[in-house]
Amino acid sequence: MPELELRHLRAVCAIADEGSLTKAATRLGLTQPAMSAQLRTVERIVGGRLFDRTPAGSPPTDLGRQVVGTARLVLDEVDQLVSLARERTRGATPGPLLVGGVPTLFFGRFVEELRRAIPCPEVRTEITRGPSDLLELLVSGRVQLGVFDRFEGLERREVRGLEVRRLVSEPQFVALPETDPLGEQDEVDLAQLVDRDWVSPPDELLGNRIAIFTACSAAGFTPRFTHHVNEASTARGLVANGAVSFALPQSRSGDGIVVRPLRGAPLMVDLMLATRREGPAAGRAHDVFAAAARAYRALLPRNPRYARWWEEHPEAHREIDAALALERPAAD
């Protein structure tokens, strides 16, 4: 009977991260038949199916989620063992933990969680203009972990040396002037915004441009991006004075604007977490992910409408639920 190897664990984790065998094979530099063979080997060893095969991808089964969770812990321990051995050989002392991010509401809480979870002398941060810029910093080693939106073209970018996982799939809400009659609705239909002026980041920083135009096209219009802004207070001021914009779901109403869910969640954005396999966070990808999960979950009360949406859509945050579930026995 074949034995379970580290390459098998990396394969099942890659499938869970990418949501499909094809994307996982590309990420690991394997052919799809080779990836399928590795998956079959693992399934024979554990005695059950790990992923369902559907037209939309390969979501993990209950057994698959258990195996993937344990596999991540094992791989983290191996990475940490190698990192500690290298530091001991070089006689090096841990340096600062360099954390990158795109503008997000939970980033400050995430940094505080990292201070408690990762042994290092200090945590330094770097906020970039967009996700593509952040990925360059990660690959070059100028930051050691980072949070960014999945952007169009990510699958074609070099991510070797990084552990990249989806943290959560966020629905995009809409921000409206508080005087707008649509703000009285519990949900806003995207088609109701056909004649509005939109606030958006500059084109070169709009990582999900195709997804936005696809969603708006399905609603029967092309968005009129009148105001290009990459700074939150200016964007909120423009919305308060008549424009509209997509908004992070944790965003609060107030200061002249209201934030509402879009009916049917027509625009979803994956929030990704990347950790380098060397440096202060080496071998601690699970600890980093758990810190991000705690930080993100703690912000739900900022917007009760998002908290309600969260309870109604567990499929969007399975990774966070799994990470927090692994921590509960230790806390009891």
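Which residues lie nearest the centre of the largest pocket? They are P103, P201, F246, A247 and L248, out of 40 lining residues. The model is predicted: local features need pLDDT of at least 70, side-chain atom pairs count only at pLDDT 80 or more, and totals for chains, interfaces and linings use all residues. Residues are numbered from 1 along each chain as its sequence is written, and side-chain values use heavy atoms, without hydrogens and water.

**Terms**
- A pocket is an open set of points on a 1 Å grid over the protein atoms alone, where a 1.4 Å probe fits, with protein on both sides within 12 Å along at least five of seven lines; lining residues have an atom within 4 Å of a point.
- Volume is the space filled by probe spheres set on the points, which are joined across faces, edges and corners.
- Helices (H or I, at least four residues) and strands (E, at least two) are DSSP runs, numbered from the N terminus.

**Largest pocket**
- Its space comes to about 1000 Å³.
- Two or more lining residues come from each of β6 (197-200), α8 (232-240), β8 (245-247), β9 (257-260) and β10 (268-276).
- Helix α8 has the largest share, four residues.
- The lining holds 24 nonpolar (Ala, Val, Leu, Ile, Met, Phe, Trp, Tyr, Cys, Pro), seven charged (Asp, Glu, Lys, Arg) and nine polar residues (the others, Gly among them).

**Second largest pocket**
- Its volume is about 860 Å³.
- Of 32 lining residues, A16, P59, P60, R166 and E319 lie nearest the centre.
- Contributors of two or more residues are α1 (6-18), α4 (62-90), β4 (162-171), α9 (285-298) and α11 (318-331).
- Helix α4 gives the most, seven residues.
- The lining divides into 12 charged, 11 nonpolar and nine polar residues.
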